[in-house]
Structures are given as structure tokens and as C-alpha cells.
Amino acid sequence: MQDVTRPSDTPDFLNHERPPVPDMVVPRAILPFHLEGRPVRGRLVRLGSLADALIGRHDLPNDVSRLLGEALALTAGLAAALKFRGSFSLQAKGDGPVPMLLADCTDAGQIRGYARAEGMPQGEAAALLGKGYLAFTCDQGPDMDRYQGIVAIEGETLADMTDSYFQTSEQLRAFVRLACRRTPQGWRATALIMERVAAGGGIDGQGDEEADEAWHTATTLAATITEAEMLDDALAPEQLLHRLFHAEGLLVDRPRALSYGCRCSRARLAGVLQGFPESDLDDMAENGLITMNCEFCNIAFRFDRGEVRGGAGRA
């Protein structure tokens, strides 16, 4: 089998083969639900073995891996609430020892992510990210306006930061619980996300006393969920939701799949290289080869310098 990461006889701009990454799908990764007659809708996201496949490609400290897993589950859950074509992403930039955190999910459920760490940092999201911003972006391609919400990083955990985003940017009441850790079966990551909605399906930030009480009851019940329950492969998503909301008119919708979603290829990276001036390409080359790393799948692609023609700065 041809190694697509190395130069070959196929021109780079025509080589769209995927690198050797897992061909993995979790069919029931996202379970949407709502509570009948109550202003509550939500999603339970369980990445299962997909979390281990995504996190395991990166040599990161334990707490940074945990943060990455939480970001992956959260991004998938937020994307599942939207009707869009393209990709939805979470990006955190700060001045802490993890200056970059990124996860994205397509409308088809292809998910990927990475974190950049300096040293061996430990702690919750606030200690890892430091001061900076959190951005949620829905990108539907060049022919559509890109929607983006940006808030300052506030709160100790990624769930706290997301709640701050909902309150300040979306003016929406939400509940977010995230869990990620390495289990005997590998890394596992889960998100439980709920939003308060109006009776007609629209967003309802205020509402009457009865709706307030229903929302309070739902969030109180949701807060009883434990990390062990969230990450237990043997506990089916329907069973977990039943434990929480069986007395609240629980209605489960059709589950959605998630898959390993790195979308890199030689053609894509070759296009990036062609944007550099020839002098920069010369500086990148070592022993006649230019090496480009895909941050998401952590695979190095090698290009023959003699075959790469720069574009920027040429006469």
C-alpha cells in the first residue's frame, strides 16, 4: 500500500488519499432528547472508543488530554443542536501553558481536535488556558456568512466557560456537564448539554413561574449525574437518561453518529505550501524535503522541494 505521507509519482495536487488514520464510526454517539411539556431539550454525547482514537494520537499531559476530550464532546453536542452545512468549531486561545485548544465537528458528524501544550501543565481549564478568549464558530463555506461568538475565558472549568458564553453571547439558559478521563478501556469523554426553550420551540430566556420551576427541576436532576455514570461503557445512553428524567416526560429522539474526522490530504497541504514564497520554501527544506505536520492527526507529510512551486511573492 502506498505511503501517502511521502512523495510519490502522483502529483501532490491530485493526491487526495487519506493518511493512515482510524476508519472509525460510533453509530449512537449523540442522543438528543427533550422533556414533554417542559422547556427542556438536550443531547447526551458519548464518544466511546472514538475518544481514545482522537486523544491517543497526541502525546499530551494527562490534564491536557482530559481538556481536549471535554472539548471534543462539547463541540459535538453543540454542533448537533444546529441546522447547518459545514463545520462547527470551538477554539480557545490564552496565555497559559495550553495556548491553543481546538475542536471541530462537521454536519456529518466528523470530529477532530488538538491542543498545544508547553511543558507538563496540570490543573483545570482555567489554569491550563490562562487569560484569553473562547470562540464558537459555524463555518458554512465561502458562499455563506460565518457566525462566530466570542467571550473572554471566565470560570474554572470548560463547562463554566461554556455557560458564560451561553449567558453573555446567546442570552440562553443552559446546563453543561463534561467528563473525560482514561479508563481501563482507554480514554472516554462525555457531555450532557441542556437548553431552556420556549413552548413553541424557540429560545426563551425568561418564561413564567411554572416553566422556571420545570427548568429548575431538570437541572437539579441533571446535576446528580456522576462522572462514573457518564463514562461507563456498560451503561447505555437511554438508561442513563432514564435514571435522570424518567419522571419528567423523557422523550428520546433519533441518535446520531460521530466519526474520526481528520480531513487532511497531500492535496490540501500542497495547496498551503504553494502560498509561500520560494525563499520560505527553501528555508523549510531539509535534505531536499519539506515536512508538514497535520496538527489534528499528528502525521508528518513529506514533499520533494523540487516539486513544490511557491506562489506568494513571485513576479
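This is a predicted model: local features need pLDDT of at least 70, side-chain atom pairs count only at pLDDT 80 or more; totals for chains, interfaces and linings use all residues.
User: Is Asn287 buried or exposed, and what is its phi?

Analyst: Buried stands for under 20% relative accessible area, exposed for over 50%, and partly exposed for what lies in between (1.4 Å probe, protein chains only). With a relative accessible area of 77%, Asn287 is therefore exposed. Although Asn287 is not a glycine, it has a positive phi of about 55°.

User: Is Ser89 buried or exposed, and with which residues is it in contact, leaving aside its neighbours within four places in sequence?

Analyst: Ser89 belongs to strand S3 (residues 87-94), and because its relative accessibility is 15%, it counts as buried. Contact means heavy atoms within 4.5 Å. Leaving aside neighbours within four places in sequence, Ser89 is in contact with Thr75, Leu102, Ala103, Asp104, Ala135, Phe136 and Thr137.

User: How many residues apart in sequence are Arg28 and Arg254, and what is their C-alpha to C-alpha distance in space?

Analyst: Arg28 is placed in strand S1 (residues 25-35) and counts as partly exposed, since its relative accessibility is 44%. Apart from neighbours within four places in sequence, Arg28 is in contact with Glu238, Pro255 and Arg256. Between Arg28 and Arg254 there are 226 residues of separation in sequence, and C-alpha to C-alpha they are 8.9 Å apart in space.

User: What share of the contacts with a separation of 6 or more do residues 24 or more positions apart account for in the protein?

Analyst: The secondary structure of the protein comes to nine helices and 13 strands, and of its 315 residues, 49% are buried. Among contacts in the protein with a separation of 6 or more, the share that residues 24 or more positions apart account for is 65%.

User: Is Glu209 buried or exposed, and in which helix is it found?

Analyst: Glu209 has a relative accessible area of 70%, so it is exposed. As for its place in the secondary structure, Glu209 is found in helix H5 (residues 209-222).

Key
Residues are numbered from 1 along each chain as its sequence is written. Side-chain values use heavy atoms; hydrogens and water are left out. Helices (H or I, at least four residues) and strands (E, at least two) are DSSP runs, numbered from the N terminus.
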